[in-house]
Amino acid sequence: MSDLNQQMAERYKNNFLKEIEEQAEMGEWVKMCMQCGLCSGSCPTNFHSGWDHPPQEIFMLIRAGKREEVLNAQGMYMCTSCYNCYVRCPRKVPVTHVMHGIAEYAYRIGRAPKNQPTMHLSRTFWNNATKYGRVNEVKLTQSLYFKDGLGAGIKKAMEMQTVALGLVKAGRLNPLEAIGGGHKCKDLKGIHAMLAKANELEAQRKAAKG
Amino acid sequence: MAETKTAAYICKGCELGTRLDTAALAKVATKSGKMNLVREHDFLCSAEGVAMIRDDIDNEGVTHAAICACSRRAKTEAFNFPTVAMSRGNLREGVIWIRPDTEEARETTQEMAEDYVRMACAEVKAMTVPPGNQKTGSVKTLLVVGGGMSGMTSALEASKAGYKVVLVEKSATLGGWAAKLHKRVPTREPFKAPEDNGVADMVARIEADANIKVYLNATIAKTDGAPGRFKVEIAIESGAIAQEDIGAIVQATGFSLYDANKLPEFGYGKTPNVVDQAGLEALAKEAAAAGKPICRPSDGQPVKSVVFVQCAGQRDASGTHLQYCSGFCCNTSIKQAMYFKDSNPDIDTVVLFTDLRTPGNGEDFYRAAQNKGVIFSKGVVSSVAASGNACAVKFKDLILNEETEAQADLVVLATGIVPNSGPDLDQLSEANRQAEGGNEEAKEQVVQLMSKSVLNLTYRQGPDMPQFKHGFNDSHFICFPYETRRTAIYTAGPVRRPMDILQAQEDATGAAMKAIQAMENAGLGKAAHPRAGDLSFPTVRLEGCTQCKRCTVECPFGAIDEDEKRFPLFNESRCRRCGTCMGACPVRVISFENYSVNTVGSQIKAVDVPDEFSEKPRILILACENDAYPALDMAGMNRHEYDPYVRVIPVRCLGSVNTIWITDALNGGYDGVMLMGCKHGEEYQCHFVKGSELGRYRLSKVGDTLKGMNLETERVHDLEVAITDIATLPQKINDYAALIKSFPPSPFKGF
Amino acid sequence: MARKEYAFYPGCSSQKGASASNYLVSVESMCKTLDIKMTEIPDWNCCGASVSYAESGELPRHVMNARNFALAESNLPGQDIVATCAACWLGARESKERLEHSDRLMADTQTALKEAGLQIKVIPEVRHMVEVLIEDLGYDELKKPVKKPLAGMKFAGYVGCQTNRPFGIAGESFENPMYLDKLIETVGGEAVKYDQKVTCCGGALAFSEPEKAQAQIKDIIEAAYDGGAEMIVTPCPLCQANVEVYQGQINKKYGTKFDIPVLYYSQLMTLAYGGSAKEAGLNGNVVRARKLEEFAGK
């Protein structure tokens, strides 16, 4: 358990709902769920494997104070950001954002499941995007393939070879991006300073709560 | 009595003149209708046409008028001649609008029209002008039984409308359940917080109201008489009896909470920390008075966690407890949860429900509670166990699909309501029957049941209002929610179905208005709903009566008592003019001036029945005037065509159909008889509640008659019709006509 | 002067050589015909996209979009920001709403922007290219320049998620939006009915959990074929790529024989306006749209 995690668990004890309300983005909406289950039924990945808890259950688990089960859950990472649940919720709960918020919180306190592929993508994407201000698609793809080590990466790259080749031929994937080329913003210094400040302020805000 | 002079009027408007040979119709009216005076007119409902009829009445001495034009449901304001007997031949909706305008159809259409002219002439000759009920009472004081929210509302509303009210309350104070509430569910925007129960204000208004006379600690000892002239005896605290003359009654006797002692598995009675909703209100009131938070009864410590158990003993499928939803308890639990959250947001407040039902604006209230941090969980509670000062609530979480447990300082059970509706009349009449036979147990049961009586009516059919599902007093659920089976006595509020305060107040207002209408109609000798304004009333030729009691038992409204000689005693003011007694009477001695065995029977006989070689069958349709006949009219308005061989006669209710009509029709050579009446049973739509059911019961015996006559039993067909069956009804008629045509012609033709 | 001017936010995928570069090419051609001037926001940055939720946190994500707002506002005053990418539009518009509804978020955002020497006065309107076409010009105006109607061609208008939810195009339903079908009909094509119009393509899960995404993509393509479509049309770069480039892998896994071109609405419009295959960016399609290539050559 990370220090942050320990602190939070101590502070809130049994009141996990309050913890989520204060720490997770849009967490204040959890209490407004009326348990109709439309979100779960509307989710495109609901019918695939990997779902331990669909949104309806995540909401209920939080209200039942089941901290461990929520923070260890895989369900949030099944989100494709399709916003079906969001527009259909009769209570206008922004389910998509609540799922993202809970995932972010679990990750922040070091509880996100290890090797969760979408979690990995999320981090990789943001780091890639903020490094140069714009996404470097080739490097993004590479770092995704090689997350499980060199061998697995090559295997995956081979599988995807035809896909990549097609894109290269169509002028939609530039291999040169991998070796220093690619798109970037001019004012990288400004962007990095701005993000550093934003991170600092965000950390202060979250710490002030609870 | 003035000399009888009959007249027939044939209208040529609305294309009647071009579609039909009206000169031939006039000839029919003269020759077979034997009318003294026959006139055609181009536009009979015009001012000029109406003036013509008026002139005949005033100057030619016409006493009986057969208006052969449109349906009796149309142009009623134009054809309004209350001093003469009047019939209507339905040539428009009943003939030209349901037949194609083709050369081939012309002959059968004309035949149809001629029959309707004959029928109108025959009917009117069998009628007299109803003089109105002479045994009226003109008392305009309303009795309200029950001084809760519903009763107080009825009293105030009636007073506002200018009527005197006698309000009788069995307890020592007004206010009923509402007075026991710490606060009530909000009634206005933004529906976010409980509000004052509002009782003090209403009580003050009642006390200040000179129109309202209040009896506290009082019950109804006896209710005698009829609308407009009830004699009510009120038993007051001292043991004395007060007499009041009453015009109409609103029964607003409310409910009792379902007894939580029947739910031992939820810990009620085992620990003071399990309460029902009334118990929680008491705790909240006590706490508010002391300026303290709500405390745990076991040790007086402030409650830090509370669990609400919804549907405790309600919506029970096992048959042990209440089967129904009481309608208000979800909102009440939300309100009670707010008592805690509004005083201290840190109190853990959990509502365990299976389906949260929040009628009215309860959805906003529910959301407000969620916003305040009340936790709502879908769960079914299996047990509540007490240990020391804490309760353990075991429940199945329906979302997470697991058995789990919650700890609470206090548990509140939402137990729901049982109506204070008096004894069950069927049960009572059965007990009475057995008691008369000397059964001692039954005698005790009678005493016990009678102790629950609210109104103590002296009616032949029992001392209280009839009950319907689950012991609630019957009201016409589907079509006329205020109507009951006792004229000028209306039930209001949760005694007739589960409802909350706001609904009960609306209900009580409506009941007061209906009661005022009933008093006014009674004073004028007119019928109440659904034949409001009808001046006819049943008369009986007692010399022919065999004292079979069918009329006194079957009258859906308890209008007929028995006199000392056991003859039927009609209380005309209680009568709704449905004619069920007339349909029931085996010796046919009951009739109305304008509706009798003869008015219908003579129409049946007036129809020209062609011989068996003509291939023109005749089918009689007896159609309920409340739903089936309007549906047929509207089919006409929509130009839905149907078979030309049917002849339709409207009846007041299927219950008024005397089987002699059917036998006469079959004996007279009709090939089939179709009866159209309203739905009966649990979701009845019969305007007279039991009429169609009784009518159908009698019809079920007709099969034997048919067999006796050697006829196919399918020749008599009972069809359930709702007023909305406009498009499907013609098809059903045609299907039936096709069936009849597949049989050989009736062997009774030409006899 | 052009009849309409906008601050253009192409986004990471619609740059030259990036995965939606053919979208960019066709939008440029289409706008030229319609006399719309699109000026790129100088030094714009990534919107963060939806999938960065775990690492980005709340404020940094909004700050990224705020930087674009500040740049657009100072360099292209008075112009609406127009995105062609559904995700860019969604991300930017969501940040706009959140910042405008929270004084705290706005104050923090201004503090962070200051580090880059920027500030926000008024956040410009954030719009999708499709909104510009439908709302600022209208179907009638879009129809006027049509020289070569795409007569007899059947398209499945695949709306997908993020131009449709949560904001959507004004007046359209979430469950059955019609604007894409209307655009197809405006350029003379036939919009077929099929039942996966707003199904998710899997989004970013195409990278992280390809089996799940590809199962959804398979359903979409199958439905398009069942509806009688010859081609699929979409307004979103990720929809386009996901539905197009995995067809080979799906065929291998499921034994299907998918070979259906997936185009942008802007490619159809460019062709109908008489543009060449190159101007429409047809060479950027991995599954070649041969019927359209022939059509353009005529």
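**Figure 1. Surroundings of Val233(C) in the predicted model.** In this predicted model, Val233(C) belongs to the largest nonpolar core, which holds 164 residues. Beyond its neighbours within four places in sequence, Val233(C) is in contact with Phe155(C), Gly157(C), Tyr158(C) and Leu180(C), and also with Ile184(C), Leu263(C), Tyr265(C) and Leu268(C). Val233(C) is listed with the members that touch the most other members of the core, a group that also comprises Ile102(A), Ala103(A), Tyr9(C), Ile232(C) and Leu268(C). Another core lies apart from this one and has 111 residues, among them Val139(B), Met149(B), Ile417(B) and Ala527(B).

**Figure 2. Contact between the two domains of chain C.** Chain C is divided into domain 1, residues 4–130, and domain 2, residues 147–297. Their centres, taken over C-alpha atoms, are separated by 25 Å. The contact involves 21 residues of domain 1 of chain C and 24 residues of domain 2 of chain C. On the side of domain 1 that touches domain 2, α1 (21–34) and α4 (86–101) of chain C each supply at least two residues. The most comes from α1(C), with 9 residues. By class, this side of domain 1 of chain C has 11 nonpolar, 9 polar and 1 charged residues.

**Figure 3. Domains of chain A.** The domain assignment of chain A gives domain 1, residues 3–113, and domain 2, residues 117–200. Taken over C-alpha atoms, the centres of domain 1 and domain 2 of chain A are 28 Å apart.

**Figure 4. Contact between chain B and chain A.** Each chain is represented in this contact, with 9 residues from chain B and 9 residues from chain A. On the side of chain B that touches chain A, α10 (362–371) and β16 (375–387) of chain B each supply at least two residues. The element that gives the most is β16(B), with 3 residues. The residues on this side of chain B comprise 3 nonpolar, 3 polar and 3 charged residues.

**Figure 5. Helix α10(B) and its buried face.** The buried residues of α10(B) are Gly362(B), Phe365(B), Tyr366(B), Ala369(B) and Gln370(B). Viewed down the axis of α10(B), these residues fall within an arc of 145°, and they therefore line one face of the helix. The packing partners of the buried residues are α9 (329–343) and β16 of chain B. After α10(B) comes Gly373(B), which has a positive phi near 100°.

**Figure 6. Ala665(B) in helix α18 of chain B.** Ala665(B) is placed in helix α18, residues 659–667 of chain B. This residue counts as buried because 28 C-beta neighbours lie inside 10 Å, whereas the cut-off for burial is 20 or more. Not counting residues up to four places away in sequence, Ala665(B) touches Ile604(B), Leu620(B), Tyr670(B) and Val673(B). Ala522(B) lies 143 residues from Ala665(B) along the chain, and the C-alpha atoms of the two are separated by 37 Å.

**Figure 7. Cis peptide bonds in chains B and C.** In chain B, a cis peptide bond joins Glu189(B) and Pro190(B), with omega about -5°. Pro190(B) is found in the loop between α6 (176–179) and α7 (199–207) of chain B. In chain C, the peptide bond from Arg165(C) to Pro166(C) is cis, and omega is near 0°. Pro166(C) is located in the loop between β5 (154–157) and α8 (179–186) of chain C.

**Figure 8. Arginine residues of chain B with positive phi.** Although not a glycine, Arg315(B) has a positive phi of about 50°. Arg315(B) lies in the loop between β14 (305–309) and α9 of chain B. The residue is partly exposed, with 16 other C-beta atoms within 10 Å. For Arg566(B), also not a glycine, phi is positive and near 70°. Arg566(B) is placed in the loop between β23 (560–562) and β24 (568–570) of chain B. Arg566(B) counts as exposed because 11 C-beta neighbours lie inside 10 Å, and the cut-off for an exposed residue is 12 or fewer.

**Figure 9. Context of the chain B views.** Chain B has 21 helices and 29 strands. The C-alpha trace of chain B spans about 95 × 60 × 60 Å along its principal axes. Of the 751 residues in chain B, 51% are buried. Among contacts in chain B between residues at least 6 apart in sequence, 71% join residues at least 24 apart.

Notes:
Residues are numbered from 1 along each chain as its sequence is written. Chains are lettered from A and ligands numbered from 1 in the order in which they are written. This is a predicted model: local features need pLDDT of at least 70, side-chain atom pairs count only at pLDDT 80 or more; totals for chains, interfaces and linings use all residues. Helices (H or I, at least four residues) and strands (E, at least two) are DSSP runs, numbered from the N terminus. Two residues are in contact if their C-beta atoms, placed from the backbone, lie within 7 Å. Ala, Val, Leu, Ile, Met, Phe, Trp, Tyr, Cys and Pro count as nonpolar, Asp, Glu, Lys and Arg as charged, and the others, Gly among them, as polar. Domain bounds come from an automatic or database domain assignment. The arc is that of the directions from the helix axis to the C-beta atoms. A nonpolar core is a set of buried Ala, Val, Leu, Ile, Met, Phe, Trp, Tyr and Cys residues joined through C-beta atoms within 7 Å.
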